[in-house]
Amino acid sequence: MKLLNEHDRESCRNVWIISEFLPDGELHAVSFELLGAARTLAEELGCEVWAAALGRDVSKAAPQLISRGADKVIAVEDGRLEYFNDEFECNILERLVCKYRPEILLGAATSRGRALIPRLAGKLYCGLTADCTGLSIDKETGVLLQTRPAFGGNIMATIQSGGFRPQMATVRPKVMKALEADPIRTGEIIYEAVTEKDGEKIKEIIKAVTEAQSNVNLSDANIIVSGGRAVKGPEGFRLLEELASRLGGAVGASRAAVDSGWIAYPHQVGQTGQTVQADLYIACGISGQIQHLIGMQSCKTIVAIDKDDSTPMMQMADIAIKGDLFEIIPKIIEELDKNGINKGGNKQ
Amino acid sequence: MKIAVCVKQVPAAGDAKINPETKRIIREGGKAVVNPFDLYAIEEAVRIKERTGGEVIALSMGPEKAKAALTEALSMGVDRAVLLSDRAFGGSDTWATSYALAKAIEKIGGVDLILCGKQAVDGDTAQVGAGIAAKLDIMQAANVWRIEEIGADTVTVKRINERGWDVVRLAYPALLTVVKDINIPRIPKLRDARAARRAEIPVWKPEDIGADPDKIGLKSSPTQVVKTAPPAARGAETLKIDGSSEEAANVFVSELIRRKLV
């Protein structure tokens, strides 16, 4: 099992990223963000950036990955790669990692990455740090330093796994900076075939559905309008949806609102819901229990709207609006209209 | 159907403390609870057993005190529980923890289905479930929010992701990690809670599960914590807006525009 670790660790070289795709086969923006992070590390180490791209057809993605910082693209194409299959992708990657021996491997902390990458680390016997917010190379040892929030963001831990190869980390979308596409950048595309063994003992994908409703995708949203107990019911969330639609954002909710059945679970932000990283988080009638704050405190700008200005949310917010959300939100929508701001098109 | 459910005892929210030397979480002292996601895994395991018959075994790794989490699992209808506990397990990272749990599941033997919570709320890594599946070389599905069918040879589940959901079919033995929405965990009856408190919970040591001493504990863990630091403080002071709704909305939207947020 210690394929890369016991013998010639020194022979492991280059920084890999595992590309993330959207359901339509386009690259997810996090792939470019991973490349941006990988470039910085590779320059420090004096090595190359390689992107692994697994999909039904990656012919369009491969040059895009190069233009965003990859020196080489390992392209693996197979019809079965259209939908996420943990075992299949893990088998392929395990084989390729053992063949090409990367020093560092970065993946996206998406629902796919958070299932696939730990399986891969489990197989390879190497370290993996989830949800890193900072990556750097230790000047003395050349080891990858991985910083992540721990214990609900109460502490930042710096972790290393330099005794094992590859050193692996996942990064949430919107944390790292992508490089601008450089159309004249050149690189090499290496096509790797799927083997029969890769396809053994893999699950069957019966059906995959992409929700038409776009306001539920919290992890990619730049703006989230989120509601809590004071939203009072499903009708209250209609108002939040309208505001979110004007802003081109998604709708979030506190656990209290979800448990009351006012809005579906995929909207829940917090400890037992999702962790979000939006540029703008508008908390409407959310008091800000620790379990909720854990899930949204790394949003860049936090706005709170509440009648009670003594709540933890109103205290921690960058902008705190005191008042009745049922009165203020319609006025905000009017004000946005006056300024010609309507990102949601003609939904309302 | 033989089902193993993995349970972790975690500090209650806002009650986590760090050992300044090892930089690991202090599991002694402080209020501890069953990892919230694991309650859904326990409930789902018990529901499957109630439908298909069989046995549910709860498994945890931690200090002696973690028996409390297993007792809670027993009170919810789990048939028996096992605790992995030994100094040699101490400081295990997610890799070493998955390894130990996988060895224990092998020792239990004949397990068809392994259920875990989606992630533990202290570490938040979601790595142990997939790690166990990797070590056992079995199929896995994460973020399961519905079990569609428990068949004779396969289990069919619905997984959620950022953009929707899918339905996948796994051959046994299989490992599933479940999200909150899958069920509503039962409140144990007083009588069951009392019986659970009386139940014997065996403690397994590394030698009991045939664990390689070089693959468990702090020293064998691939990841090592180098340092910990407080998070960067949030920016400037709170901008407070009040007044009439019209005024507040006007000031707010101007502020959003000024900060280039819209």
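Contact here means heavy atoms within 4.5 Å.

Leaving aside residues up to four places away in sequence, B:N183 touches B:Y40, B:E43, B:E44 and B:R47. One of these neighbours also takes part in a polar contact: the side chains of B:N183 and B:E44 meet at 2.8 Å. You will find B:N183 in the loop between β10 and α5 (190–198) of chain B. Is this asparagine buried or exposed? B:N183 has a relative accessibility of 7%, so it counts as buried, the cut-off being under 20%.

## How confident is the model?

Chain B has a mean pLDDT of 94, and 95% of the residues of chain B reach 70 or more. For the model, ipTM is 0.93 and pTM is 0.92. A word of care for reading any such prediction: where pLDDT is low, the coordinates should not be read in detail.

## An enclosed helix

Let us turn to α4 of chain B. Eight of the nine residues of α4(B) are buried, so this helix is largely enclosed by the rest of the structure. The buried residues are B:G129, B:A130, B:G131, B:I132, B:A133, B:A134, B:K135 and B:L136. Which elements cover them? From chain A, the cover includes α4. From chain B, it includes β1 (2–6), α3, β6 (113–117), β7 and β10. Just after α4(B) comes B:D137, with a positive phi of about 55°.

## A cavity lined by both chains

Rolling a probe the size of a water molecule over the atoms shows where empty space is left. Across the whole structure, a search finds two cavities of 30 Å³ or more. The second largest cavity holds about 60 Å³ of space.

Which residues line the second largest cavity? Chain A contributes A:P118, A:A121, A:G122, A:C126 and A:L128. Chain B contributes B:T94, B:W95, B:S98, B:Q127, B:G131 and B:K135. By type, the lining divides into five nonpolar residues, five polar ones and one charged. At least two lining residues come from each of three helices: α4 (113–124) of chain A, and α3 (94–108) and α4 (128–136) of chain B.

## Backbone details worth a look

| Cis peptide bond | Omega |
|---|---|
| A:R165 to A:P166 | about -10° |
| B:Y172 to B:P173 | near -10° |

In chain A, A:P166 sits in the loop between β8 (155–160) and β9 (167–171). In chain B, B:P173 is placed in the loop between β9 (164–171) and β10 (174–178).

A:R101 takes a phi of about 55°. A:R101 belongs to the loop between α3 (86–100) and β4 (104–108) of chain A. With a relative accessible area of 18%, A:R101 is buried. B:N143 has a positive phi of about 60° and is not a glycine either. Where does B:N143 lie? B:N143 is part of strand β7 (residues 139–150) of chain B. B:N143 is buried too, at 11% relative accessibility.

Note on methods:
Residues numbered from 1 in each chain as written. Chains lettered and ligands numbered in written order. Predicted model: local features only at pLDDT ≥ 70, side-chain atom pairs only at ≥ 80, totals over all residues. Heavy atoms only, no water. pLDDT = per-residue confidence, 0-100. 1 Å grid on protein atoms, 1.4 Å probe; cavity = no way out; pocket = protein on both sides within 12 Å on 5 of 7 lines; lining within 4 Å. Points joined across faces, edges and corners; volume = space filled by probe spheres on them. Helix = DSSP H or I, 4+ residues; strand = E, 2+ residues; numbered from the N terminus. Nonpolar A, V, L, I, M, F, W, Y, C, P; charged D, E, K, R; others polar. Buried < 20%, exposed > 50% of the residue type's maximum accessible area, 1.4 Å probe, protein only. Polar contact = N/O pair within 3.5 Å; in protein donor to acceptor, adjacent residues only side chain to side chain.
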